Amino acid sequence: MYCKNCGSAVEQGAAICTNCGVPVGQGTNYCENCGTALQPGAAVCMSCGFAANATVKAPAMPGAKSKIAAGLLAIFLGGWGVHNFYLGYTGKAVAQLCITIGAIILSAITCGIATPLALISPIWALVEGIMILCGSIKTDANGIPLAD
């Protein structure tokens with residue numbers, strides 16, 4: 001790894017360049033992959049093809065829940081409210097669980113007449129799963145952004 005400000009070699013995990021004192025990752029003068037000088041405004045290093053000014057993705061917050069896990073839980077087990085328990089939305093999770101169990105009991109009592117009621121919670125969960133995976137639902141119950 002090389003300093004983007006001065007082009008000198010930087011040790012892995014270092015916070016600042018020991019040559020120029022600039023925080024690692026700042027600067028646009030040199031390629032951080034090979035240390036070659038870059039043309040002003042260059043998007044790609046002409047020497048190694050590395051994306052010169054790519055934005056670094058911010059790391060997920062500690063304790064962040066997985067967006068993919070939440071979405072898949074909603075799609076496959078959402079009728080039982082599992083995804084909402086996972087995300088910390090306990091009230092919604094209990095409501096989905098009660099709707100599902102209530103519909104199953106009512107279907108058994110009515111010899112299957114109330115079976116369509118058992119579709120309410122799974123359809124609700126399927127919609128939430130799609131919303132989670134598409135990014136409409138972005139945080140858990142504590143307001144922490146979901147990790148990709």
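Residues are numbered from 1 along each chain as its sequence is written, and side-chain values use heavy atoms, leaving out hydrogens and water. Because the model is predicted, local features need pLDDT of at least 70 and side-chain atom pairs count only at pLDDT 80 or more, while totals for chains, interfaces and linings use all residues.

**Exercise 1.** Find how many disulfides the structure has, then look at C3.

Solution. Start with the criterion: a disulfide is a pair of cysteine sulfur atoms within 2.5 Å. A search of the whole structure finds zero. Next, take C3: its nearest cysteine sulfur belongs to C20 and is 3.6 Å away, and C3 is in no disulfide. Finally, check accessibility (buried is under 20% relative accessible area, exposed over 50%, partly exposed in between, with a 1.4 Å probe and protein chains only). C3, at 5%, counts as buried, whereas C20, at 32%, is partly exposed.

**Exercise 2.** Identify the residues of the largest nonpolar core.

Solution. Look for buried Ala, Val, Leu, Ile, Met, Phe, Trp, Tyr and Cys residues joined through side-chain atoms within 4.5 Å. The largest such set has five residues: A70, L87, I132, I137 and L146. Now follow A70: beyond its neighbours within four places in sequence, it is in contact (heavy atoms within 4.5 Å) with H83, Y86, L87 and I132.

**Exercise 3.** Work out which residues of helix α1 meet helix α4.

Solution. From α1, take K67, I68, A70, G71, A74 and I75; these meet A125, L126, E128, G129, I132 and L133 in α4.

Notes
Helices (H or I, at least four residues) and strands (E, at least two) are DSSP runs, numbered from the N terminus.
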